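Please look over the sequence and the model shown below before reading the report.

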Amino acid sequence: MIVSSQSANALGCISGSWKIWSLSDGYVDMSADLLRRGPGLGQYTLPRLSRQEPSLVRLSVNCFLLEGAANRGVLIDCGAGGRWEPSLGHLERAMVEAGIDPSSIGVVALTHTHLDHLNGLITREGREAFANLSRIVIAHDAVAGFVDQPHLERFQRLLVPIKEGDRLNDHVVAVAMPGHAPGHMGYVLDSGEDRILFCGDLIHVSQHPERTSTSEPSFASI
């Protein structure tokens, strides 16, 4: 995998015929004490913390776009939209930096249904973020968490429940990764040159992988 472009909020890589984007939705500050606690970051009302708080951890929130020559873009998670901390919900800005047209995205693949992973279906201004969205891929056990979000009711018709081993296309397969949230799902891209796992929130601090529970979307070559 080769880095092909980089800006403040977007990193582009090439692997085989695939372009892979890491897109920043923003960040959120939280107490390190919340690590190891379930059920995950998206369920917490975060305390107002002093900048001098010694255990303050800044969590980046990232989404990943997979662009293949023969496929509409697959976006893995879509950020927080405008319904959480003001430092979040900036996916649209990252896409502008990268020169990505939101209408090119045909599939959103959710790793799980915490607020900072699915609310980006609607922009901070209240618009539907992806005009040509045809599917929202989600694990069977995560559907109830999506349906529990009344502001996303308009998208329920697009839900496509999947299980481990189901394919999004010829190169992307779903992998069950239970533990962080109900129906937590990872996705593996086989580009022909690399196998890359997008595992959303299963790795928090890369130097200390045991410190996990509420991390942001991450990926690794396998």
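## Basis of the model

This is a predicted model, in which local features need pLDDT of at least 70 and side-chain atom pairs count only at pLDDT 80 or more, while totals for chains, interfaces and linings use all residues. Residues are numbered from 1 along each chain as its sequence is written, and side-chain values use heavy atoms, with hydrogens and water left out.

Helices (H or I, at least four residues) and strands (E, at least two) are DSSP runs, numbered from the N terminus. Eight strands form an open sheet in the order 1-2-3-4-5-6-7-8, with mixed pairing, where two strands pair if DSSP finds at least two bridges between them. Strand 1 (2-6) and strand 8 are the edge strands, each of which pairs on one side only, and the average twist from one strand to the next is 25°.

Strand 1 runs antiparallel to strand 2 (residues 10-15) and is joined to it by four bridges, with V3 standing opposite C13 in strand 2.

## An aromatic pair

The structure holds one aromatic pair, formed by F64 and F198, which is tilted, with 5.4 Å centre to centre and 55° between the planes. Rings of Phe, Tyr and Trp (its six-membered ring) pair if their centres lie within 6.5 Å, and planes under 30 degrees apart count as stacked, over 60 as edge-to-face and the rest as tilted. The pair links distant parts of the chain, since F64 is in strand 4 (residues 56-67) and F198 in strand 11 (residues 195-198), 134 residues apart. Both F64 and F198 are buried, a word that means under 20% relative accessible area, against exposed at over 50% and partly exposed in between (1.4 Å probe, protein chains only).

## Cysteines

A disulfide is counted as a pair of cysteine sulfur atoms within 2.5 Å, and by this rule the count is zero. For C78 the closest cysteine sulfur is that of C63, at 6.4 Å, which is too far for a bond. C78 is buried at 1% relative accessibility, and C199 is buried at 3%.

## Two loop residues

G120 is found in the loop between helix 2 (115-118) and strand 7 (135-139), and counts as buried because its relative accessibility is 7%. Leaving aside neighbours within four places in sequence, G120 is in contact (heavy atoms within 4.5 Å) with residues including C78, G79 and F130.

Q149 is found in the loop between helix 3 (143-147) and strand 8 (159-162), and it is buried at 16% relative accessibility.

Note on methods. Axes are lines fitted to C-alpha atoms, for helices over the stretch in contact, and angles run from 0 to 180 degrees between N-to-C directions.
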